[in-house]
Structure formats: structure tokens, C-alpha cells
Amino acid sequence: QVQLVESGGGLVQAGGSLRLSCAASGRTFSSLSMAWFRQAPGKERDLAAAISWSGGSTYYADSVKGRFTISRDNAKNTVYLQMNSLTPEDTAVYYCAADLTSRATGWAPRRYEYEFWGQGTQVTVSS
């Protein structure tokens, strides 16, 4: 089992920044690939960013590319999402997810491939 706890969400003005954190426990963190998903009201939960167990491979959705950065600290069992140049379209609940399976790309592209989820943290960007 893996427990994931997100933090760092909140209310920010457009153009501002936030840093989300996800602390993991219960299993060797360095064996997990990690991801951040987000779900806006009335929409599907979509993959925003993902990172391989080593941090050497990352993925970003087109909508966040160039503005968000995913990173991890295996010594602290934590994955981060640095979000810059936020817009109201980034308003969503952000979820941290963990994948146990070793994959050729280093991370899983589909929601159902992630076995463990955090409770989510709300990010609201005002215009």
C-alpha cells in the first residue's frame, strides 16, 4: 500500500505561482513513478504531468508545458509540482498518483494505470 498526501493548494491571482507537494509513505518511494492529475468542475480527471522513478523522464500535457515543472526528491519521499504563470483555466482539484509498474517510458499515460491516489488539493486561480 502507498499513502499519498497532497499540500500546497490555495487561491492565487492569475499570473501567480503555487508549488504543490505530495508526500508518500508505505512503500519504497524510489520504485514508484508519480504523476499529477487535475480535475476541473464538470470535466474529466486529466494527466497534467508525470515523472519516472529516477526523475530522468517527465511528461507534460500541452496545456501546462512551459509553465509547470514536476520534480521529485526520493530522499524525502516527495514529488512536487511547481506551477507558474497560472491562469483561471488551471483551476481544478489536483491529485497526486503513484504507479507501481515499471514501464518503458518511465511513466504511465492513463489514469487507470495509477494504483494509488491522494485526496486532492484545490487550486483556484482568480482573474
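Predicted model: local features only at pLDDT ≥ 70, side-chain atom pairs only at ≥ 80, totals over all residues.

User: OK, and which residue does arginine 103 meet in a salt bridge?

Analyst: Aspartate 99, with 2.6 Å from N to O.

User: Is aspartate 99 buried or exposed?

Analyst: Buried, because its relative accessible area is 0%. The cut-off for buried is under 20%.

User: How many salt bridges does the structure hold?

Analyst: There are 6. One of them joins aspartate 90 to arginine 67, and its closest N and O atoms are 2.7 Å apart. That pair links distant parts of the chain, 23 residues apart: aspartate 90 is in the loop between strands S8 and S9, and arginine 67 is in the loop between strands S6 and S7.

User: And are aspartate 90 and arginine 67 buried or exposed?

Analyst: Both are buried.

User: Switching to rings. How many aromatic pairs turn up?

Analyst: A search of the whole structure gives 5. Take phenylalanine 37 and tryptophan 117: the ring centres are 4.9 Å apart with the planes at 55°, so that pair is tilted.

User: Where do phenylalanine 37 and tryptophan 117 lie?

Analyst: Phenylalanine 37 is in strand S4 (residues 33–39) and tryptophan 117 is in strand S10 (residues 116–117), so the pair ties together parts 80 residues apart in sequence. Phenylalanine 37 is buried because its relative accessibility is 1%. Tryptophan 117 is at 26%, so it counts as partly exposed.

User: What about tyrosine 114 and tryptophan 117?

Analyst: Their ring centres are 6.4 Å apart and the planes are at 65°, so they're edge-to-face; the cut-off for that label is over 60 degrees. Tyrosine 114 counts as buried because it has 4% relative accessibility.

User: Which residues do ring pairs link into a cluster?

Analyst: Phe37, Tyr95, Tyr114 and Trp117.

User: Now charges over rings. What does arginine 19 lie over?

Analyst: The face of tyrosine 80, 3.9 Å from the ring centre. Then there's arginine 72, whose charged end sits over the ring of phenylalanine 29 at 4.4 Å from its centre.

User: Last topic: serine 17. Where is it found?

Analyst: In the loop between strand S2 (10–13) and strand S3 (18–25). Serine 17 has a relative accessible area of 39%, so it's partly exposed.

User: What is serine 17 in contact with, leaving aside neighbours within four places in sequence?

Analyst: Val12, Gln82, Met83, Asn84, Ser85 and Leu86. Serine 17 and glutamine 82 are 65 residues apart in sequence, yet their C-alpha atoms are 7.5 Å apart in space.

User: Which residue has a side chain joined to that of serine 17 by a polar contact?

Analyst: Asparagine 84, at 2.9 Å.

How values were computed:
Residues numbered from 1 in each chain as written. Heavy atoms only, no water. Phe/Tyr/Trp six-rings, centres within 6.5 Å; stacked < 30°, edge-to-face > 60°. Helix = DSSP H or I, 4+ residues; strand = E, 2+ residues; numbered from the N terminus. Buried < 20%, exposed > 50% of the residue type's maximum accessible area, 1.4 Å probe, protein only. Lys NZ or Arg CZ within 6 Å of the ring centre and 35° of its normal. Salt bridge = Lys/Arg side-chain N within 4 Å of Asp/Glu carboxyl O. Contact = heavy atoms within 4.5 Å. Polar contact = N/O pair within 3.5 Å; in protein donor to acceptor, adjacent residues only side chain to side chain.
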